[in-house]
Amino acid sequence: MTMTRHPVKKFIFTLAIFALIFGGSIPGKAAAEKAATAASSNAIVYYLSDDDSLYRVKTDGSPSEKMQDSFEGYKVRKAGNYMYYYYDDENTSITTLQRISLSAPLTAPSNFGGDKEILYYDTSGNYVYYMNEDGNIYRALGDASSNAEAKLIADHANTEFPNFSIINGRIYYNALKDGYTTWAASKAADGSGNVQWIASGAVEGSFFVHTYNSTLYLMVNTNPAETQYSTDCVVLYYLPINGGTAKAVNAKAPLDVNAVYSGSWINDGYVYNKGIRLDSKKEYDYTLGKGHIITKSGTTFPLNKTGVYDIVNSGTNKLAYVDAYGKAHVSTITNNKVTSTKTIQRTNVSRIINLMNNGKVKSTILFAGSGTYVLNDDLSTKKLEGIEWDNSTYEEGIPGIFYANSADNYRLYRMNDDGKASVKLTDDKVSSVLLITKP
């Protein structure tokens, strides 16, 4: 069973300490606030049953609703009143972009990407964006009647590095400058205006795009054609989140590819594993690396004596992370230096995540060999019964962890952020969760 939808590259979000301050009790106002809180916690979960049928269930107690039989799509996203997804067409041997109506369950899917292979797609707000095998990127309203309404917003995208990110009204993608040279580029998401050439090289995945406060960060591989050896060719760039001139942080001292690709973002910097190498299985051996931090100012300093496998911000100047040996720690950073480190008393820790809502940390969760735990402020832990890394998933901005409860024949449950209560959502046996959205 695979429930988690999170890729190997960890997305580290903008983090801060969360505090909820209650005002005076006012009749009517308290009831309204309670209703608003309940509404904000509602969600819709799209999942596959044991026979691979697609269902959705609301978290307000409504019964599950069947959407499709034998669903075979992946990377499911919502735009408008449609669900979009990749589909591998056996007849043509290409990957297509398909969609199904959310207002008319059990109707047949339709091909939205046309007769070209779709190399990459994503959604942002009510729009769907997709890139085809010709290096053309299109945008359409999610509720468009067909792809005939899609608009070409960028051409000459590099099909060797087919990914893009939509941020604050701009699209960031890899383009062919002068027809053959790979550059990280950007332009307005509606296709207007000129291309902004950011840096020579490629941003090799959406993970390498990060935002914090008013700044956009990009990790650019300045020698993306090199695939055989680890080389020092990754440069950190930053620019205003609304667009503007990009500045290189470490142009004169590029980072090693493996060091960066085994690392993670923190608020306004990046943790990389200096000296890391691949093992005999072609996987990163974190015992060979040493965790370091590079900041926006270009300062680099050591974080840990082994590689850092997973990391989150834990307060304004603290980092909680997992080392190469499955031990979890919290380090305090002052003036670009680790001033103290405390160990969390859990072993065989494999992941650490923050549950987020509106850019605020609701709780920090540890996935360990003995179970899943909430990390308390005093670094003690509270076990979340029934939740494991491979049977759970979560979504930023939607409270709780969703998991297939093995003690109840893998029915879908939601655990509160604080681990104090869980609610059963389905009577179906769930094989995987594909998407969690707000109503």
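Six acidic residues form a negative surface patch in this predicted model: Asp50, Asp51, Asp52, Glu72, Asp88 and Glu90. Take Asp88 as a way in. Asp88 sits in strand S5, which covers residues 82–89. Is Asp88 buried, exposed or partly exposed? Its relative accessibility is 39%, so Asp88 counts as partly exposed. The cut-offs explain the label, because buried means under 20% and exposed means over 50%.

Now turn to the loops. Asn168 lies between strand S12 (164–167) and strand S13 (170–177). Asn168 is not a glycine, yet its phi is positive, about 50°. Asn168 has 46% relative accessibility, so it counts as partly exposed.

Asn213 also belongs to a loop. This loop runs between strand S16 (209–212) and strand S17 (215–221). The phi of Asn213 is positive too, about 55°, although Asn213 is not a glycine. With 59% relative accessibility, Asn213 counts as exposed.

Next, follow strand S25, residues 290–295. Five of its six residues are buried, so the strand is mostly covered. S25 has strand S22 (residues 269–274) as a partner. The two run antiparallel, and six bridges join them. Ile293 has Phe301 of S26 as its bridge partner. Four residues lie between S25 and S26 in their hairpin. There, Gly298 takes a positive phi near 95°.

Strand S31 comes next, at residues 351–357. How many of its seven residues are buried? Seven of the seven are. Look at which way they point. Arg351, Ile353, Leu355 and Asn357 point one way from S31. Ile352, Asn354 and Met356 point the other way. Residues on both sides are buried.

S31 pairs with strand S32, residues 360–368. Seven bridges join these strands, which run antiparallel. Within this pair, Met356 stands opposite Val361 in S32. The hairpin of S31 and S32 has two residues between the strands. Asn358 takes a positive phi there, near 55°.

Notes. Residues are numbered from 1 along each chain as its sequence is written. This is a predicted model: local features need pLDDT of at least 70, side-chain atom pairs count only at pLDDT 80 or more; totals for chains, interfaces and linings use all residues. Side-chain values use heavy atoms; hydrogens and water are left out. Buried means under 20% relative accessible area, exposed over 50%, partly exposed in between (1.4 Å probe, protein chains only). Two strands pair if DSSP finds at least two bridges between them. Patches are made of residues with over 30% relative accessible area and no salt bridge: like charges are joined within 9 Å, nonpolar side chains (Val, Leu, Ile, Met, Phe, Trp, Tyr) within 5 Å. Accessible areas come from the Shrake-Rupley method with a 1.4 Å probe; for residues, only the protein chains shown count as cover. A salt bridge is a side-chain nitrogen of Lys or Arg within 4 Å of a carboxyl oxygen of Asp or Glu. Lys and Arg count as positive and Asp and Glu as negative; His and the chain ends are not counted. The place of a charge is taken as NZ of Lys, CZ of Arg, CG of Asp or CD of Glu.
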